[in-house]
2 protein chains.
Amino acid sequence: MGSPKPGRTPGLSEDQTLQRIRRTLGNGIEAPGLRDDAAVVDVPGGGPLVVSVDSVVEGVHVDLGLCSPADVGWKALMGALSDLAAMGAKPVGALVALCVPESAEDGAVTLGVMEGVAEASRETACPVVGGDVSGGGVLMVAVTVLGTVEGGTAVPRHAARAGDVIFVTGPCGASAAGLRVLRAPSGDVTVDGSLAAAYRRPRARLADGETARQAGAHAMIDVSDGLGLDLHRLADASAVGFVLDAVPVAEGATLAEALGGGEDYELVVVIGPGDVDGYRKRCVEAGLRAPARIGVVRPDPAERRLGGEELGPLGWQHALG
Amino acid sequence: MGSPKPGRTPGLSEDQTLQRIRRTLGNGIEAPGLRDDAAVVDVPGGGPLVVSVDSVVEGVHVDLGLCSPADVGWKALMGALSDLAAMGAKPVGALVALCVPESAEDGAVTLGVMEGVAEASRETACPVVGGDVSGGGVLMVAVTVLGTVEGGTAVPRHAARAGDVIFVTGPCGASAAGLRVLRAPSGDVTVDGSLAAAYRRPRARLADGETARQAGAHAMIDVSDGLGLDLHRLADASAVGFVLDAVPVAEGATLAEALGGGEDYELVVVIGPGDVDGYRKRCVEAGLRAPARIGVVRPDPAERRLGGEELGPLGWQHALG
C-alpha cells in the first residue's frame, strides 16, 4: 500500500478535509470534536464527557514491514488517548473497530492487534469496553476513547492568550527518527532500539496533560503531526502568534524531525506567566519529566517565529532544510 | 471486493472471533461491550453511559454499485444506533472514523458519506461530536455511539426468563429483499422502491427500544444478522430456549429473508407476561407500530423451535430453504 506518510486525505490536506466536513455537518448539528483534539459532550444526568476517535491504516499510518500487528494495536489506542491527554482528561474506556484484510485473516492479525491494544490498555488503565471486527481490504484500527475531567474543565486549543508561556512536555522527533532508522537499508545504520521503540510504542502523556490542566493551562495540543504544524493549529484556533526560542530535540533525532515528526505525542502546554512556577512544581510532585519552556504567545496572529526566522505551518521543511 | 455478505471475519465466525478477542482482552481488563449489543460504562461523577461501535466496509457490508456514498454514511450511523436501541438507550452523540480509498478520493466520496451521516444524524437527533478521516485501500466507516438511559437501567441480552413473551417490533426481511431485487439482472424484476429503501436507508428503532425498556423488558437484541441468528444469541446469553409460533414477514420478502436477512434493525423484545398489556399500551401512546408477539421463552436451552420444527442458529437456511 505504499510507504507510510502522515495521515491526510489524498488531494486535500487533513485540515481542509475537516473544514469541508464541518460545513457538511454544520447544517443543524454540532461537530465540536472536529475543531479540538477531542469533543466535550454533556451527558444528561452526568458530567461532561471528553471523547475522541482516531484511526490507524496500514500503508497510510503504519507499515507492517516495520511494525508487528501488536505494535499497530498499541499505536492505535495510544494515538486516540493522546487526544484525551491534550484535553487534560483521564480515560474511562475505549471502543475498538478493527478491519482485517481477508487475505491475511487466519485470526493471527486480529489477535495480534488486540494483544497490542490490551497491552496499551493495561499500561494506561483504560479498559476496552466495546469492539467490532470486520473483514476488509486493508488493516485498519479505529479507536474511540472516552474520558473525564472530574469536576474540572477540559483544556481547549483556542484559549491561548498573548503573554502566555509555551511549554512542551518533552523532546520531540524520536518517533520520526525511529521510522527513519527502521526504513534505512539494512546495514546502513544500526537500528537504535530506543528510537525504534519510540516509533512502535509511543506513549500518550496522560499524566502530563492532567497535571497541566490542574495547574491552570489555558490551551493544549498533542504533537501528532509535528510540533511545527500542531503549534500552528493551536495558534490558529486561538487567533494568536508565537515566538519560539527553543526546540527540544530528542536524542538521535534531527531538528527537522523534532519540528515535523508526528506521533511523538508530547504535549504543547500554554499557560499564564503567573502559573508557570506552580505548573513546574506540580510536575515535580507528580514525578513527571520537567516540561521545557519553548517560547511565548504573541498578540499578532501573523507573527510566528523560531528565533529570527519565520516558521510557516507546512513550509518549515524548506526553511530549515 | 466481492459481493456483500454478513459482516463476519473470514475463517472464523463473528461470534468465534469475538470469543477469542474476549480471551485476549480478558487478561485484567473488561470488555462488556463484546458480550452485549452495547456496553454500559460508569463514568465517575456521572450516570451510566451506553456505548457501542459498528463498522461498514465496502465489499463486505455494502456494495457501492448498489448504494451511494450517502447511503453508506446513513447505514453506518443507523447500524451503530441500532445497538443503542437494543439497550433501550437514547443517543447523545456519535463519532465517525472514515477511511476512503486513495484512488476514489477527490473529496466526493468523503463528503457524500458525511452527507448521509448528517441526514441520519438529523433524523435521530444524534449529533456527530467527533470524526477522523484517513486515506486507505477500501471505503470503511466506523461509528461509535454514546447514549443514556436517563435514570433507568439498560436492557441486556442475558436476562430473558422462562415464561417471558417474545415480541418483534415489526416485520422482517425487507432489507434482504431489497438487496435481492437490487442485485437482480436489470429487467429481471422491477425494483421495488420501498424494498430498495429498506436496504439503503434502514432505521434504528430508537423509540421502540426506549418504550420497551420503560415497559420493563427483560432482554432485547436488534436484528442485525437475521432474526434466526440474533434470537439464538439472546437465548444463548440468557441460557434459555424458545418456541416461536409466528414470523412476521415484510411485504415482498420471503420467510428465509425474514429469518436470515440482516440489517432490518427491528428489535426482539422479551418481556414478562404480566407486563405485556402495559407494553402494548405504551406503544400505542407513543405512536409506534404495534409489536408482534412471536413466541415464548422456554426453560430448556436446547428447545429452540419454530412451530413443530427445530430452528438452528445457522442452519435455518437449509431447514427452511
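**Close-ups of chain B**

**View 1. Strand pairing around B:Ala94.** B:Ala94 stands opposite B:Val145 in S5(B). Strand S3 (residues 90–101) and strand S5 (residues 140–148) of chain B pair in the antiparallel sense over nine bridges. Pairing requires at least two DSSP bridges between two strands. Strands (E, at least two residues) and helices (H or I, at least four) are DSSP runs, numbered from the N terminus. The model is predicted: local features need pLDDT of at least 70, side-chain atom pairs count only at pLDDT 80 or more, and totals for chains, interfaces and linings use all residues. Residues are numbered from 1 along each chain as its sequence is written, while chains are lettered from A and ligands numbered from 1 in the order written.

**View 2. The open sheet of chain B.** Five strands run in the order S1-S2-S5-S3-S4, with mixed pairing. S1 (39–42) and S4 (128–136) stand at the edges with a single partner strand each, so one side of each has no neighbour in the sheet. The twist averages 20° from one strand to the next.

**View 3. Helix H2 against helix H3 in chain B.** H2 (residues 69–85) and H3 (residues 108–124) pack at about 45°, axes 6 Å apart. Axes are lines fitted to C-alpha atoms, for helices over the stretch in contact; angles run from 0 to 180 degrees between N-to-C directions. The contact (C-beta atoms, placed from the backbone, within 7 Å) includes B:Trp74 and B:Leu77 of H2(B) and B:Val113 and B:Val117 of H3(B).

**View 4. Helix H3 on the sheet.** H3(B) lies across S3, S4 and S5 of chain B. H3(B) runs at about 170° to S3(B).

Key. Contact = placed C-beta atoms within 7 Å.
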